[in-house]
Amino acid sequence: MNARADVRAGVNETTAKATETTLLDPRFYTTDFDALDRIDVTPVRAEWDRLIAEMRSDPNRNHFRKTEAWDATDWESMDPQLRRELVDFMVSSLTAEFSGCVLYKEMKRRGSNPDICELFNYMARDEARHAGFINDALREAGIAVNLGFLTKAKKYTYFRPKFIYYATYLSEKIGYARYITIYRHLEKHPERIIHPIFKWFEQWCNDEFRHGEAFALLMRTDPRLTQSLSSRLWIRFFLVAVFSVMYVRDHARPAFHEALGIEIGAYDHEVFRKTGEIARQVFPVEIDIDNPRWQAGLERLRRAMLAMDRARRRGGIAGFLGRMAAGARSAAAFAGLYLIPVRRSVPPTNPRLVPSY
Ligand SMILES: [Fe+2]
Ligand SMILES: [Fe+2]
């Protein structure tokens, strides 16, 4: 269903926006749950038990509550472009959080392996809190997303378990890196806190860090998942895809980043650096983000995606031809990024990491 049809169906605009699934929107996933359920965590048992004990202790159980630090947001007098981009940031974060919740809950519901079910139960619990907290903030602005509708109306993308590991591991770790980088920046520039939700990011991102640790351990149960030639090529693909989507999406929110006092290019580079450093715990390849072709390729991709968007809006034959041309340019830019030589690394014997940024 497209966004306009959703509005006609009686859901609000933010719900319609969250329901869209273009190349750049956060997706909902489904997978081969039986295969996931068959995972035997014996090879990583000691680390597994330690991580599960930490999640069981639920360090953030009291965190997602509004306190006096939650000051009122003046949505009314906010600059319209800033308001639009802040809402877009929140809706896209909410969709990503809720996407994790839906996937993890489904795994828990369908599984019978006690290790897997316990893990996915805790991760679903955390993501439900995260999504609920963002939605509360949207509710204050009168634009909460209808999550029940979203669950039913959003398109689900099937990924085989191995791709779920790569995509979810990366989105958890990049989520951590994004939240902590924004938080540390605002710690130094409290006058730039345009919405109280950012004050909750420090402990919040530790949940994402733990979720990423869980996927690192799942990948460690079978060396073929990260070491075979095809796995290395796919890992490289997912790294480029996740990083470049973030680049294009962030650059579409200039007013939002300006209000936070964040220079988008520098911020993205910093998030890539942190994520790359963390991912050495499990991935044997790393993107060379300092290669000049990386930045140039990201820009090429961003411009091609903008052209694609313009063509889509134009419609008709001209729009169709424009979309074809921009699509080919995007594919070429992506291939250029993919072909930048990667750095090889050897993951440590023990993958365990603690949040250190
Ligand atoms: Fe989350
Ligand atoms: Fe998470």
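**Helices α11 and α13**

I started with the crossing of α11 and α13 in this predicted model, and I noted that α11 passes α13 in a right-handed crossing. Helix α11 covers residues 229–251 and helix α13 covers residues 264–279. I looked up their axes, which come within 10 Å and cross at roughly 155°. Angles over 145 degrees count as roughly antiparallel. The two helices, α11 and α13, are therefore roughly antiparallel to each other.

I then listed the residues that meet. From α11 they are Phe243, Met246, Tyr247, Asp250 and His251. From α13 they are Ile264, Asp268 and Phe272. I sorted the residues of this contact between α11 and α13 by class and wrote down five nonpolar, one polar and two charged.

**Helices α6 and α9**

Next I took helix α6, residues 114–140, and helix α9, residues 201–220. Their axes come within 11 Å and cross at roughly 150°. That makes α6 roughly antiparallel to α9. I recorded the crossing of α6 past α9 as left-handed.

Which residues of α6 meet α9? I found Leu119, Met123, Asp126 and His130 on the α6 side. On the α9 side I found Trp204, Asp207, His211 and Ala214. By class, the contact of α6 with α9 holds four nonpolar, two polar and two charged residues.

**Helices α4 and α9**

The axes of α4 and α9 come within 11 Å and cross at roughly 155°. That makes α4 roughly antiparallel to α9. I noted a left-handed crossing for α4 and α9.

The α4 residues in this contact are Glu47, Trp48, Leu51, Glu54 and Met55. The α9 residues are Arg210, Glu213, Ala214 and Leu217. I counted the classes in the contact of α4 with α9 as five nonpolar, no polar and four charged. I marked Ala214 in my list, as Ala214 of α9 meets α6 and also belongs to the contact with α4.

**Aspartate 58**

Is aspartate 58 buried or partly exposed? I found 13 C-beta neighbours inside 10 Å, so aspartate 58 counts as partly exposed.

**Threonine 14**

I looked up threonine 14 in helix α2, residues 13–19. Threonine 14 has 22 other C-beta atoms within 10 Å and is therefore buried. The cut-off for buried is 20 or more.

What does threonine 14 touch, leaving out residues up to four places away in sequence? I listed Val87, Val91, Leu138, Ile143 and Val145. I checked one of these, isoleucine 143, for its distance from threonine 14. The two are 129 residues apart in sequence, but their C-alpha atoms are 6.4 Å apart in space.

**Confidence**

Last, I checked the confidence of the prediction. The chain has a mean pLDDT of 94, and 97% of its residues reach 70 or more. I found the lowest confidence in helix α1, residues 3–8, with a mean of 53. The highest is in helix α12, residues 254–260, at 98.

Conventions. Residues numbered from 1 in each chain as written. Chains lettered and ligands numbered in written order. Predicted model: local features only at pLDDT ≥ 70, side-chain atom pairs only at ≥ 80, totals over all residues. Axes fitted to C-alpha atoms, helices over the stretch in contact; angles between N-to-C directions. Helix = DSSP H or I, 4+ residues; strand = E, 2+ residues; numbered from the N terminus. Parallel < 35°, antiparallel > 145°, perpendicular 65-115°, else oblique. Left-handed = near helix turned anticlockwise from the far one by under 90°. Contact = placed C-beta atoms within 7 Å. Nonpolar A, V, L, I, M, F, W, Y, C, P; charged D, E, K, R; others polar. Buried ≥ 20, exposed ≤ 12 C-beta atoms within 10 Å, placed from the backbone. pLDDT = per-residue confidence, 0-100.
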